[in-house]
Number of protein chains: 2
Amino acid sequence: MKFYDCATAPSPRRVRVFMAEKNIHIETIQVDLGSGEQFSDEFKAINPLMEVPVLQLDDGSSISQVNAICQYLEEIYPDNPLYGRTPMERALVDSANNRVNAGGFMAGAEALRNSAPGMKNRALPGPHNYSQIPELAARGLQRIDNCFSDLNAHFESNQYMVEDYFSVADISAMVFIDFAKWVKKRVPEDHTNLARWYAEVSQRPSAKA
Amino acid sequence: MKFYDCATAPSPRRVRVFMAEKNIHIETIQVDLGSGEQFSDEFKAINPLMEVPVLQLDDGSSISQVNAICQYLEEIYPDNPLYGRTPMERALVDSANNRVNAGGFMAGAEALRNSAPGMKNRALPGPHNYSQIPELAARGLQRIDNCFSDLNAHFESNQYMVEDYFSVADISAMVFIDFAKWVKKRVPEDHTNLARWYAEVSQRPSAKA
């Protein structure tokens, strides 16, 4: 297998941290998003969506999108499950993971892509160009604040995103917090529950991935 | 178990069609979104996100969000799998499902929620209020057109969203096409591949759910 990565980008980092937690080692190829390598014909043949991460199997077929890749890896490397250990836990993990993805990660992307000078017509990833909407950048920042506040309330009575079980949803949330720094948003000092959780997950060796 | 539904809303319909395909019958409770029943203290106790669908288990615990509910039902009712039959197929289904959710369903919600007079400060679902952004309504319509066009290209060489396997991603895509009618978007006549697939999935008995 080959893992198409970009060392500086948050989405592929979610997969890298996931692999580090499960001690999975896969040949990794860097795609230079800065110079637009994802738009090359060569890369489009691997992923027509022109995004990283991508997991390419030995038969040449490819899996794109963070969650699909991680779920696949979870199935073929079942040790140390990160998607839950029971049907109910798996449902709660999926729900928490979707929630932080939609309410956090996508908010960060909304804020960044609608304001960065280098992303003028790239307000959304993927094969279509969309113009920036300045009001949407502002809304993204507002949503990040709300997500921080929701997470802080959650961690008042939960060790992790799903009770006391460290899961893929914690990885998504941690990468979101780090991604939010790109648009100058940091966990406010009075969000002590969120800060406690963030310090804990950031100290795991996998966080360096 | 109890299923909290709203007969007229697209998100819970995705679960209803899923259950119909798998011949699952669960006591169903209608939540009147029109009169704001989702904001009541009674419903907030069931789902703090104030959204349907919700699946409530017999022990009182709840699962929210379409995908988490369907995945849970898939696990406890494994017959006629709709999430894939192999690890690779499950990855492709998840990827296709996420793609149509982000590129189609969310586009429809973007168009509707940023323009409907009754949704002035409800441009996003969930516990926080956000003002409408007219440019975002316009972008939603543009994204629906692009999603139609991408799906039409896909169905030129695929019977279903994942090759010749009918899956939960086809349910998501069908409900998206019907949801798009709310903002007056219909499959263009020259999108013959998409029209062929849509006619086929719409004729399944589950489509009436």
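The legends below accompany close-up views of a predicted model.

**View 1. The annotated N-terminal span of chain A.** In an unreviewed UniProt entry, residues 1–81 of chain A carry the annotation "domain: GST N-terminal".

**View 2. The salt bridge between A:Lys185 and A:Asp145.** Over all chains the structure contains 22 salt bridges, and one of them pairs A:Lys185 with A:Asp145, whose closest N and O atoms lie 3.0 Å apart. This pair connects distant parts of the chain, 40 residues apart, with A:Lys185 in the loop between α6 (168–180) and α7 (192–202) of chain A and A:Asp145 in helix α5 (residues 134–154) of chain A. A:Asp145 is classed as partly exposed because its relative accessibility is 35%.

**View 3. The salt bridge between B:Glu21 and B:Arg204.** In chain B, the side chains of B:Glu21 and B:Arg204 form a salt bridge with an N to O distance of 2.8 Å. The two residues lie 183 residues apart, B:Glu21 in helix α1 (residues 10–21) of chain B and B:Arg204 in the segment after α7 (192–202) of chain B, so that the pair links distant parts of the chain. B:Glu21 counts as buried at 15% relative accessibility, whereas B:Arg204, at 24%, counts as partly exposed.

**View 4. A salt-bridge network in chain A.** A:Arg13, A:Asp178 and A:Lys181 are joined into one network by salt bridges that share partners. Within this group, the side chains of A:Lys181 and A:Asp178 meet at 2.9 Å, N to O. A:Asp178 is buried, its relative accessible area being 17%, while A:Lys181 is partly exposed, with a value of 31%.

Technical notes: Residues are numbered from 1 along each chain as its sequence is written. Chains are lettered from A and ligands numbered from 1 in the order in which they are written. This is a predicted model: local features need pLDDT of at least 70, side-chain atom pairs count only at pLDDT 80 or more; totals for chains, interfaces and linings use all residues. Side-chain values use heavy atoms; hydrogens and water are left out. UniProt positions are given in the numbering used here, feature names are shortened, and annotations may be inferred rather than shown by experiment. A salt bridge is a side-chain nitrogen of Lys or Arg within 4 Å of a carboxyl oxygen of Asp or Glu. Helices (H or I, at least four residues) and strands (E, at least two) are DSSP runs, numbered from the N terminus. Buried means under 20% relative accessible area, exposed over 50%, partly exposed in between (1.4 Å probe, protein chains only).
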